[in-house]
Amino acid sequence: MSESSSRAVVGIFTYMDDALEAVKNIKSAKLDYRMYSPVPRHEIEEVTYPEKSPVRIVSLTAAITGCTFGFALAILCSLDWPMRTSAKNIASIPAFFVPGYECTILFGGVATLLAILVFCRLPNVLRTAGYDPRFSHDKFGVVVACTGTQVDDVKRRMLDSGADEVDVRDSL
Amino acid sequence: MVNKLRFVFSGALIVVLAAFCPVSERGCVSQVALAQAGVPPVPTPPPYPTVGVRTGVYNDGQAALWDLNITDHFHYFGPPQRARGYKPEQPIKFSHVIHVQQNRMECQYCHWSVAKASYAAIPEVETCIGCHKLVNGKDDAAKAEIQKIKDYYDKGQPIPWVKVHVMPDYLKFNHKRHVKAGVSCQECHGQIPEMEEVQRVSSMKMGWCISCHRERGASIDCLVCHGHK
Amino acid sequence: MEHTHNDHDHKHEPPVSYAEVNDTVLKMLEPPGTGWFLLLFTCLFFLAIGASCWFYQMWAGFGESGKSHPIGWGTYITNFVFWVGIAHSGTLISAVLYLFRANFRQPIYRLAEAMTVFAVMTAGLFPIIHLGRPWYALWLIPYPNERALWPNFRSPLLWDVFAVSTYFTISATFFFVGLIPDIAAARDRATTRFRKVLYGVTSLGWRGSHAQWKHYTSAYLIFAAFATPLVVSVHSVVSWDFAMSIVPGWHATIFPPYFVAGAIFSGVAMVITLIIPLRKAFNLHRLITPVHFDAMSKLILLTSGVVSYSYITEFYTAWFSNNTFERFQFWFRPFGEYWTAFWGMTFCNCIFPQLLWFKSLRTNITFLFILSIFINIGMWLERFNIIFQSLTREFIPAAWGGYNFSWIEIGITVGAFGWFGMWMTLFIKYFPSVAITEIKEVLPPPMRNSNSGAHH
Amino acid sequence: MEGQIVQLKGRKERSEKAEGSGLVSISRRRFLQALGASTAVGAAACASPAQQEILPYVKPDPEQIPGVATWYSSTCTECSANCGIRVRTREGRAVKVEGNPNSPVNRGSLCALGQSSLQSLYDPDRIRTPLKRKASTPTGPQFEPVGWDEVLSKIGDALTKATNKKMLITGELTSGYSDLVEGFTSQLGFSHVVWDPIQPVAVAQAAKMTFGTYGVPTFAIDKAQVVVNFGADFLETWVNPVGYARQWSDSRRSDHPLRLVHVEPRLSLTGANADLWLKAAPGSETSIVLFLIKEMLARGRGEELSGDIRAKLKALTAEVDADKAEHLTGVSKEKILLVAEYLASAPSSLVLAGGTASATADPLPLLVAVNFLNIVLGNVGKTVNIAQMKQPASSAKNLAGAIDEMQKGKVDVLFVYGTNPAFTFPDSFGFDHAVNQVGVYGEGSGKGAGLVVALASHLDETAQLADYILPVNTNLEDWGYATTPGGAISLIQPSMRPIFDTRSAGDVLLSVASSAGKSISGDLKTFDAFVKSNFLKATAGKASGNVDKFWITSLEKGGYFPEAQAAASSLSGGVDAAAYSLNFKGKAHTTHGDELVLYPFPSVKSFDGRAANRPWMQELPDPITQAVWGAWAEVHSKTAKRLGLAHGDALILRTDDGEVHVPVYVSDYVHEEIVAVPLGQGHSAYGRYAKSAGQGSVYSLLPKQLAKDVDTLPLLGVHVHAIRGLGDGGLVVTQEFSSQMGRDLAKTTLLSAAGAAATHAASSHGEGHGSYGAHEGGGHGEHGEVKQMYVQREHPLYQWGMTIDLAACTGCSACVVACYAENNIPVVGKKIVSQGREMSWIRIERYYDSLPTESGGEELKVSFLPMMCQHCQNAPCEPVCPVYATYHNEEGMNAMVYNRCVGTRYCSNNCSYKVRRFNWFHYEWPELLDWQVNPDVTKRTVGVMEKCTFCVQRIAEAKDIAKDLGRSVEDGEITPACVQTCPTQAITFGNLKDPKSRVSKLAKNERAYKVLDHHLNTQPSISYLEDIRYKA
């Protein structure tokens, strides 16, 4: 959201295609918008966020780090105080595969969680302008931030695309 | 003159040392104070040599903070008997300062078995009496303490000394081997000669032993200390 | 999508709508009734029994449990393997089936995942309970310490520490991430202040904006990708506790696949055991349909086959190896002193499930419930046979010995169920135990011109 | 670390917690740990050490360096063999007893009984002050402590008052005491009665009949090629077990091992080690002996004898033949002829008889016949040494007479010392009633004028009858000397100060004498002075230089041990004519219904009953049955079926005189007609352990009957009713499976022809296939070349290893007790053993196998396999431990670090030898028993795994000493407890790295193999040498 905006126009849609229609409409007007939906739909993604999510990169790097860490931990700990058990090697790599492997997944998993939190701006303590509880129920929502002058235009675009209702709120 | 210089020097050394070992500070500083205020020993030969004390739990930076600082230093969690600064009250106010520092007695004069056996046994009451038949102490306080020894001896009772270096079970420590390997008493027990009351200045935790064993290339095979005792 | 459609078609029911899903599921979160409290207190009571037994065991000495020389492991490790096994189906259903886009998973996977997390929490207790000196359990963790010592990374038990803790962390995370949007939904419907706060906090202020969904879905996919190999690895590692030893009856290369199959087998059974009463209690008949049970039954049938095959292989290897000790061990299991355990296992795991070849039984809820209980028992017996029968008859006949069950062990075993039940009970009442969002996902989205919605 | 000084204090704390005989107690610390774990406050938090005191000596003891052991030489008086011992003391406390290498009797070894003498010293139920009888309550007599002086004055009065007989009953005494008592009795007009139930008196009397001198000859078992033995259990309890076991093993390790044939009704330890074991009907052996005599004469043996003797013998054996013998004994004719063949063909031989088999109502015929056979075979002077004889003084007749006199009230004063007739003499003689009659008709006052004084250290059945009990020192606190037949004088000296207000029995007798105005030996007031003067008298002239110096050195050496002179003495006095007129027709026992012939035998566990209150001996598994804690009744499986008895059932043995409750032990190795029960269990007094083990004493079953013209008690031959009791008899055995299942754990090499050298025996392995040990390529020197997956471990200086020669191991279990003593192994009690949780680090596995015979049949082969930690080079237990509590150290040892152990028990699961022991509970030593705890070895706490450490504390000590000398440890400097005590020296320990060490030589022997190694490639550090057996 650009700081210049002062108003938030909230459109509430029953039908997904209507909402997407509205989004396309808004986009064409080069307006800053946000779309809420009760479920993730690839149709929405195609319209709103076609490029890939960076989460994957984070996970991959973390996983690789984890693998290295696991093996390093096992090897270094064994070498720090070399103790023979049976006739096995001090640093017996086959055995250390397990810690290596588990750390890979552990690091990867935890990093992914962090990635979600970061990229989704969670936890989010502020009240989000234009959010409506119905969005988590069965309604689709399109929120547009705009200047007072643009409000009517935006309202019209939404109603045209079939919004059930549109209301205008003071943006933060 | 020279002696005086040496004296001051050693005092300074002790202070520096004290700075590095926070807990044994009390012992050392009080000693310095005493040394400066107290009568200079007559005749004034060189004070008892000080040897670096291995204080703290350090193990090439491996020891965890909670072990080093919490468990040991402030002795939270874990018995105070096993932490640095443990200074139990003894049945007799025996001063190593007077005996060792001022009167130059060798450790092994009293702790005679230290080079003969794994135990550095506490001297027999008779050993004390040996001198204290004649030595009766300068002031009343001293007299009173010495009288206690005599009473114990006459009653044929052992003196119930309180153990300062309480070690856990499962541990075999052989004093003989360490003494013969040239480890000085102070390295582990601290500047006993300068302690009015004996206290525990080093953590004596496993990592502490191991670091020294590693440095000196002594064996770190578990069975050296564990497994039998 | 077609899949779901066809189901609905031949059910002749109107398709379930977003709103209905929301309402049905959130209905489950309505203030608990006496029945729920009764359940909770029963669990707590069992838990209390278990806890007191454990304390008594620590106080009086480990001998209070029935272990002996030569049987070093018994009920506790059996329970450990049993619960880890239970834990498996959860991640399997949620992750593996997610990757395979098997849509029958949606209504049951949340419960399965909850089960996973709580089962791992239960399983994790037993390695500690079974220690001679549990107060030193932390020595298995590689943390820098004043002893300058590290654990032995060559020991399968240490692998366990890694495997189980990782498995717990990952499945818990996966579980929580899946929950976030649903909690958000619950938050937006919450009435009481307590719930408002609870959900407000736990949903992390989730809004469901398009960006959030984008990252969320891709992350979720990655989680699934991580969790899937984990399912396989964890129980392999557990099986290595045995396979890596030289005990006749343990030292077998077939163990990892065998254990994994067994885990899935028992896990799915446990899901059924839990989901049938839940479905009844909260009237989820439209969300959890016979179709799902049918699918799960097929899974059981498959894994039962794999498990039975493994049993046979064990015997074959023992015979073919011409190894005195192996041969004796596998003669001893069916015909020795403890034959009941063996044949009990065989019936529950190999014979009884075969009835599932009949479609009518696959969708017969009562039958499935009974069967699932039997399978749970059978799988417990399987672990018991492996661990305990092998140890009673090892290499040196002079050292052969028996086992003496103690009420302490039984108490702790009961306690484990109490512990597990407690978490389950709390969960179903405070968090959506059916995945709102994911069910919505497989529903056709509301479209003004619906023919475009059907295909994508 | 704390050392005994601190333990002193520790003991007090513990003793308050120690429970009676349960031996398990839970201290507060356990609870703290429980909490510690629950609240996840880690290791440090839970065990908080109390403020500890260090108590120094008041005066230094010149002999003591704190932390360094002091050794005192002395003599073992557990049985009459009088082995030399060395007592290890720490800070003035005896902690271990070991054999004295200087002694010619045991040559450094010691048996289980001797090892356990410490627990007689530290018996928690010892009498601690003089006691005075207060009253007799139903629960038993009540005593109150009194002062020594009071008692002594009382005795003084009694002696002056006494008009009737004064009597002193003692056990079989060491020479020191018998000399003293001789003087005492003669001076104070006492009559002296000696009673010891299992002295071989009959043998001595038979010797008198045939050889002209009363006494038990010394036998040279190692000089005989063939030994035919009729029940003399010389490897377990008979005459001189340690010495004879050593002879036996020496011979078996020589190039010409002896062939041992053992004939008896019940498989004894000696029988188990025999090449041929023959099961004979009880009391029927005579017929075989006679047949052998006949056969030998017929084969022209005994030509050198006088015609008269030969004629008489021919006449004597005229009508016996193999068939009759077979009919009587049940031993097949072939076997009997086989034995005859052995004897005839052997260049040297020996025939023995003794033990229970000969303790019949009429033992002389058998024993005399055996002597005849020895004469005919010309063994007298060769293998039977009648120049060096031991004269047992025990006399059942005298005791019976004494009882009779007491009954009649003819006795005013009775002293009892060192014997327990109230237990070991059948109740049917009524000893206890008789004691009450002492002094009844005393002059003047009526009842009560008499005085019964017990000089005892334990409150046993006899002591309980006394008016006054004078607590006397045990052997380890006492002075004395014992002469051996070889002419050696073995000194007894105190190894520590008396623990309690006790005195030496010798001092007591001396002071009694002096208070009565008599002097026993000049002006010697104390017993130690008496001992010294007598010793110096006896060795007069032997002393080189200063006498006192000689005395001191002798004390250090353990006595005066002259070179054993050659035993050249043939028949001195002629054969007593009466010998021929004995009734040699052994009568066969005919039992019917639930009747069985009672076969009581002294076992290594309880001997005649004196070891019954020693936890070690109670917990020690009997070598044959593996039973622990209390008695058992061995019944043949057929008989058991007939009587409807099952293994472990409760059984009641009843005679008119008493009854005994014992569990049934079903075995195939007892005669169908007998029920074999070990002696010495079922005490009604004597201490907590003795009382807790068993109900009813076997002695109480015996009738009021003495043996015919012999001074012994007939143990064998009583008919008892065997009645099945209710439910379970409480039989606890540590080994339930007796078959090797073809797993060739204990292997055997067959010696085909007599005299085949054991070292060549490996060539006969071909015959070795079968249940008793096949050799599929494994187990031998060549096994080392197995291709290894891992780089093998390098051992810089030492690689400790061990060999155990199964050909020498008799299964006597001395090593087990030694291990308990050395390593502070807790005794856990019957209940916990029954759960399979005994803590013993060594177990003697016993397997019943069979060997093929020349005739194609099969013979019983009993294998003993001492099994302890094998210290494998590829140890399965090591890699599975998550915390390195067990690992492999540089010296090739499988190290176990107790305080690192968290108790996963994975190592135990993975140990293919099952030699690891887990501390299931926190075991406490009852007060006083914990004085024995070895300060060099830690006590393990609950939840910790433990196992054999090769006595690592001794290794450490040896290395310590070597380091002071600036060299490395040399071969033989380290002897683990088991190695040290082994009577047959079957175990060898040493450095495998050093090719010249004995152990590495033995490990390369053709007989050497490693258990399970060729199955599992565990590469144990312990090599076993295959057992050897002659092919029957």
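Rings of Phe, Tyr and Trp (its six-membered ring) pair if their centres lie within 6.5 Å; planes under 30 degrees apart count as stacked, over 60 as edge-to-face and the rest as tilted. By this rule, a search of the whole structure gives 102 aromatic pairs over all chains. One of them is edge-to-face and joins C:Phe255 to C:Tyr258, at 5.5 Å centre to centre and 90° between the planes. Both residues belong to helix H9 (residues 255–282) of chain C, where they are 3 residues apart, about one turn of the helix. Helices (H or I, at least four residues) and strands (E, at least two) are DSSP runs, numbered from the N terminus.

This is a predicted model, in which local features need pLDDT of at least 70 and side-chain atom pairs count only at pLDDT 80 or more, while totals for chains, interfaces and linings use all residues. Residues are numbered from 1 along each chain as its sequence is written, chains are lettered from A and ligands numbered from 1 in the order in which they are written, and side-chain values use heavy atoms, with hydrogens and water left out.

**Confidence**

The predictor gives the complex an ipTM of 0.86 and a pTM of 0.88. Its confidence in each residue is the pLDDT, from 0 to 100. The table gives two chains.

| Chain | Average pLDDT | Residues with pLDDT of at least 70 |
|---|---|---|
| Chain D | pLDDT 84 | 89% |
| Chain B | pLDDT 72 | 66% |

In chain B, the pLDDT is below 50 over residues 1–11, a stretch with 5 contacts beyond near neighbours in sequence. A contact means heavy atoms within 4.5 Å. Residues 13–44 of chain B also stay under 50, and the model has 34 contacts for them beyond four places in sequence. Where pLDDT is low, the predicted coordinates should not be read in detail.

**Chains C and D**

In the interface, 57 residues of chain C are in contact with 64 residues of chain D. The size of an interface is often given as the accessible area lost when the parts come together. Here the two chains bury about 5100 Å² between them, 62% of it on carbon and sulfur atoms; buried area is the accessible area (1.4 Å probe) that two parts lose on being put together, summed over both.

The rule finds 1 salt bridge across the interface of chain C and chain D. A salt bridge is a side-chain nitrogen of Lys or Arg within 4 Å of a carboxyl oxygen of Asp or Glu. The side chains of C:Glu394 and D:Lys914 form a salt bridge, at 3.0 Å from N to O. On the side of chain C that touches chain D, the elements giving two or more residues are helices H3 (34–60), H6 (156–189), H8 (210–243) and H11 (324–335) of chain C. H3(C) gives the largest share, 4 residues.

**Backbone details**

Two peptide bonds are cis. One joins A:Leu122 and A:Pro123, with omega about -10°. A:Pro123 is in the loop between helix H4 (93–119) and strand S3 (140–146) of chain A. The other runs from C:His69 to C:Pro70, with omega near 15°. C:Pro70 is in the loop between H3 and helix H4 (75–99) of chain C.

D:Ser813 is a residue other than glycine with a positive phi, near 75°. D:Ser813 lies in the loop between strand S28 (800–805) and helix H26 (814–822) of chain D.

Conventions
pLDDT = per-residue confidence, 0-100.
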